[in-house]
Amino acid sequence: MIQFEALFKITYGLYIVSSGNKNKGNGFISNTFFQVTAEPPRFASCCNKDNFTADLIKETGAFSVSVVHKDTDPEIISRFGYKSGKDTDKLNGLKIKYGETGVPIVLNDCIAFLECKVIQTIDVGTHYMFIGELLQSEIVDDTKEALTYLHYRKVRKGAAPKNAPTYIDKSKLASTPVGSGFKKFECTACGYIYDEAEQDIKFAELPDDWVCPVCGSEKSDFIEVT
Ligand SMILES: Cc1cc2nc3c(=O)[nH]c(=O)nc-3n(C[C@H](O)[C@H](O)[C@H](O)COP(=O)(O)O)c2cc1C
């Protein structure tokens, strides 16, 4: 038996994984970045083959990881997690520094960053798992806490799009109530859907100062959809 709800009990962080160079740089939001060995320090990053960043990591053989803080601007999550560098220059206007390998490192809302050189690429089907060896790491802001995937989901009411390895089609959830009066509300700014069936709180009961977890639009910018 596979109870997909059990997968929500796994904890993750939330990061911006970037690659490329000064001429062509890009990054994506990832919750599947983690350390795999201590000596030498090696890390894994799971990246959808369709992500523009996957092409850049393959080209440059390196990537950076920005650890973002709990109050990260929703626009940053929206820019890196819901848009593709195939259509837009995601780094435009941001605070960027370039690493030893030349990859961009996003400093906006960043509390620490790492830079890794790819030593192995594993094809895991829909995604590549890039194994990287640590080249450099630095704390940027020691006063703030890192954003976790749980905080993003439970407190900020964020969701993960289909490209995320941990995306779960809600039809697979045994506990998804059918015809139980749950409603859906769409953000008219970015299209994010607040689906009451997947949340702990009904939309009407959310506080007035609640904002779209993706783009930061106000609650009043949402419309009910079927
Ligand atoms: C919360 C969250 C977690 C995500 N985690 C991953 C991940 O671990 N791996 C991945 O490939 N995509 C993940 N995504 C999706 C990518 O960030 C998204 O598809 C992005 O637009 C790809 O950008 P790119 O095409 O510019 O590289 C995640 C998105 C969100 C919002």
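Predicted model: local features only at pLDDT ≥ 70, side-chain atom pairs only at ≥ 80, totals over all residues.
A polar contact is a pair of N or O atoms within 3.5 Å.

I looked up which atoms of the protein face the nitrogen and oxygen atoms of the ligand. A nitrogen atom of the ligand lies 2.9 Å from a polar backbone atom of C46. For K90, I found an N or O atom of the side chain 2.8 Å from a ligand oxygen. The side chain of N163 has an N or O atom 3.4 Å from an oxygen of the ligand. I then looked up the cover: on its own the ligand has 650 Å² of accessible area, and the protein covers 97% of that.

**Ligand, surroundings.** I find the ligand in the second largest pocket. The residues surrounding the ligand number 29, and the closest are T32, N48, T53, S84 and G85. Which element gives the largest share of the shell around the ligand? It is β2, with five residues. I list the elements that supply at least two shell residues each: strands β2 (25-30) and β4 (42-48), and helices α1 (52-60), α2 (74-81) and α3 (149-154).

**Cysteines.** I looked for disulfides, taking a pair of cysteine sulfur atoms within 2.5 Å as the rule. The count is zero. C110 is in no disulfide, and the nearest cysteine sulfur, that of C116, is 13 Å away. C110 is buried, at 5% relative accessible area. C212 is buried as well, with a relative accessible area of 0%.

Key
Residues numbered from 1 in each chain as written. Heavy atoms only, no water. Buried < 20%, exposed > 50% of the residue type's maximum accessible area, 1.4 Å probe, protein only. Near = heavy atom within 4 Å. Polar contact = N/O pair within 3.5 Å; in protein donor to acceptor, adjacent residues only side chain to side chain. Areas by Shrake-Rupley, 256 points an atom, 1.4 Å probe, with all protein chains shown as cover. 1 Å grid on protein atoms, 1.4 Å probe; cavity = no way out; pocket = protein on both sides within 12 Å on 5 of 7 lines; lining within 4 Å. Sits in = over half its atoms within 2 Å of the grid points. Helix = DSSP H or I, 4+ residues; strand = E, 2+ residues; numbered from the N terminus.
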